[in-house]
Amino acid sequence: MVSIDVKNLKLVYRLRQGFSLEMADRRVSGHSQIKKRGRTRWITALDDVTFNLRAGDRLGLVGSNGAGKTTLLHVLYGTLEPSAGTVHTQGRVDALFNISLGFRHEATGRRNIIMRGLINGWSPAQIDHHMEDIIAFSELGDFIDLPFKSYSQGMAARLAFSIATCMNPEILLMDEWIGAGDTDFQHKARKRMAELAEKAGIIVLASHNHGLLRASCNRFLKLEKGRAVLLDELPAAPLRNRR
Ligand SMILES: Nc1ncnc2c1ncn2[C@@H]1O[C@H](COP(=O)(O)OP(=O)(O)OP(=O)(O)O)[C@@H](O)[C@H]1O
């Protein structure tokens with residue numbers, strides 16, 4: 001059974017500042033997220049975050065810049081180790097954080113599909129089987145035989161999304177770049193995300209676009225300076241303007 005269980009999760013970044021001839025900053029920081037001692041700074045990006053997701057959940061992560069959304073996605077993916085607390089995920093996880101990550105810029109879109117398929121463990125026959133579906137869904141047409149570096153942001157987003165969703169991840173983690181696609185593609189992408197979630201999957205999508213989140217997600221986690229509140233609905237007005 002696919003699931004994500006996060007309990008009392010804390011993540012603190014440690015920054016060591018280099019020696020400087022500038023005057024020492026003796027101001028006491030009023031920002032409780034930042035602690036400092038000497039030349040070391042600790043930034044609490046996630047603080048006591050607890051939530052559980054089950055098959056079919058599409059979680060929208062909201063919160064202002066620096067709230068902790070990207071950090072949480074990386075902890076769920078396993079690229080960042082929590083400072084405290086636990087994260088248990090059951091299911092095959094795929095992540096779409098950075099559109100161009102994992103693509104060879106000099107290679108064509110088609111060649112990139114082959115390489116990603118091989119990395120994913122597909123046989124040549126499986127690659128052939130998925131190839132036309134990926135190309136058709138991405139709507140890249142003749143561009144599929146041009147180098148990846150010639151793609152616009154939206155075109156790269158289409159290809160990345162088409163490949164990732166074709167790999168049938170049980171848990172799909174996404175940053176807001178999915179908004180890079182045009183309106184028609186976003187509509188198609190939302191439909192595919194819903195299908196993925198219905199196939200007993202989990203989607204976690206971080207975005208500032210409340211329209212996109214409302215249309216794509218059925219649960220919402222609001223992060224504020226690393227602290228989290230689970231919401232059943234996303235308020236119509238921007239969250240920070242509400243009492
Ligand atoms: N590599 C890093 N080193 C130190 N601090 C970091 C690092 N990455 C993020 N932070 C800090 O962690 C906090 C959370 O950042 P994060 O990128 O997770 O926020 P976010 O909600 O994704 O923001 P945005 O909406 O701007 O993308 C911020 O205070 C940020 O300054």
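Biologist: What share of the 243 residues in the protein is buried?

Modeller: Buried residues make up 35% of the 243. Keep in mind that this is a predicted model.

Biologist: How many helices and strands are there?

Modeller: The protein has 6 helices and 10 strands.

Biologist: And what part of the contacts with a separation of 6 or more comes from residues 24 or more positions apart?

Modeller: Those account for 75% of them.

Biologist: On to the ligand. How many residues surround it, and which are the closest?

Modeller: The ligand has 13 residues around it, and the closest are Tyr13, Ala45, Asn65, Thr70 and Thr71.

Biologist: Which element gives the most to the shell?

Modeller: Helix H1 does, with 3 residues.

Biologist: What is the shell around the ligand like by class?

Modeller: It has 5 nonpolar, 7 polar and 1 charged residues.

Biologist: Let's look at helix packing. At what angle do the axes of H2 and H3 cross?

Modeller: Roughly 135 degrees, with the axes of H2 (residues 109–119) and H3 (residues 124–138) coming within 10 Å. The two helices are therefore oblique to each other. Their crossing is right-handed.

Biologist: Which residues make that contact?

Modeller: H2 brings Ile113, Ile114 and Gly117, while H3 brings Gln126, Ile127, His130, Met131 and Ile134. By class, the contact of H2 with H3 has 5 nonpolar, 3 polar and no charged residues.

Biologist: What about H3 and H4, how do their axes run?

Modeller: The axes of H3 and H4 (residues 153–166) come within 9 Å and cross at roughly 140 degrees. H3 and H4 are therefore oblique to each other, and their crossing is right-handed.

Biologist: Which residues of H3 and H4 are in contact?

Modeller: On the H3 side they are His130, Asp133, Ile134, Phe137 and Ser138. On the H4 side they are Arg158, Leu159, Ser162, Ile163 and Cys166. By class, the contact of H3 with H4 has 5 nonpolar, 3 polar and 2 charged residues.

Biologist: Now some single residues. Where is Leu205, and is it buried or exposed?

Modeller: Leu205 sits in strand E8 (residues 202–206). Leu205 is buried, because 26 other C-beta atoms lie within 10 Å.

Biologist: What does Leu205 touch, leaving out residues up to four places away in sequence?

Modeller: It touches Gly60, Leu61, Met174, Leu213, Ser216 and Cys217. As for His105, it is 100 residues from Leu205 in sequence and 26 Å from Leu205 in space, C-alpha to C-alpha.

Biologist: Where is Gly226 found?

Modeller: Gly226 is in the loop between strand E9 (219–224) and strand E10 (227–231). Gly226 counts as buried because it has 24 C-beta neighbours inside 10 Å. Leaving aside neighbours within four places in sequence, Gly226 is in contact with Gln33, Thr44, Ala45, Leu46, Asp47 and Gly68. One of those, Ala45, is also among the closest residues to the ligand.

Biologist: How far is Gly226 from Met1?

Modeller: Their C-alpha atoms are separated by 29 Å, and the two are 225 residues apart along the chain.

Biologist: And Arg92, where is that?

Modeller: Arg92 is in the loop between strand E5 (84–90) and strand E6 (93–96). Arg92 counts as partly exposed, because it has 13 C-beta neighbours inside 10 Å. Setting aside neighbours within four places in sequence, Arg92 is in contact with Pro169, Glu170 and Ile171.

Biologist: Backbone next. What is the phi of Asp48?

Modeller: Asp48 has a positive phi of about 60 degrees, although it is not a glycine. Most residues other than glycine have a negative phi. Asp48 is found in strand E3 and is partly exposed, with 14 other C-beta atoms within 10 Å.

Biologist: What about the phi of Asn168?

Modeller: It is near 50 degrees, a positive value in a residue other than glycine. Asn168 lies in the loop between H4 and strand E7 (171–174). Asn168 is partly exposed, because it has 14 other C-beta atoms within 10 Å.

Note on methods:
Residues are numbered from 1 along each chain as its sequence is written. This is a predicted model: local features need pLDDT of at least 70, side-chain atom pairs count only at pLDDT 80 or more; totals for chains, interfaces and linings use all residues. A residue is near a molecule or strand if its C-beta atom, placed from the backbone, lies within 6 Å of it. Helices (H or I, at least four residues) and strands (E, at least two) are DSSP runs, numbered from the N terminus. Ala, Val, Leu, Ile, Met, Phe, Trp, Tyr, Cys and Pro count as nonpolar, Asp, Glu, Lys and Arg as charged, and the others, Gly among them, as polar. A residue is buried if 20 or more other C-beta atoms lie within 10 Å of its own, exposed if 12 or fewer, and partly exposed in between; C-beta atoms are placed from the backbone. Two residues are in contact if their C-beta atoms, placed from the backbone, lie within 7 Å. Axes are lines fitted to C-alpha atoms, for helices over the stretch in contact, and angles run from 0 to 180 degrees between N-to-C directions. Angles under 35 degrees count as roughly parallel, over 145 as roughly antiparallel, 65 to 115 as roughly perpendicular and the rest as oblique. A crossing is left-handed if the near helix is turned anticlockwise from the far one by less than a right angle, and right-handed if clockwise.
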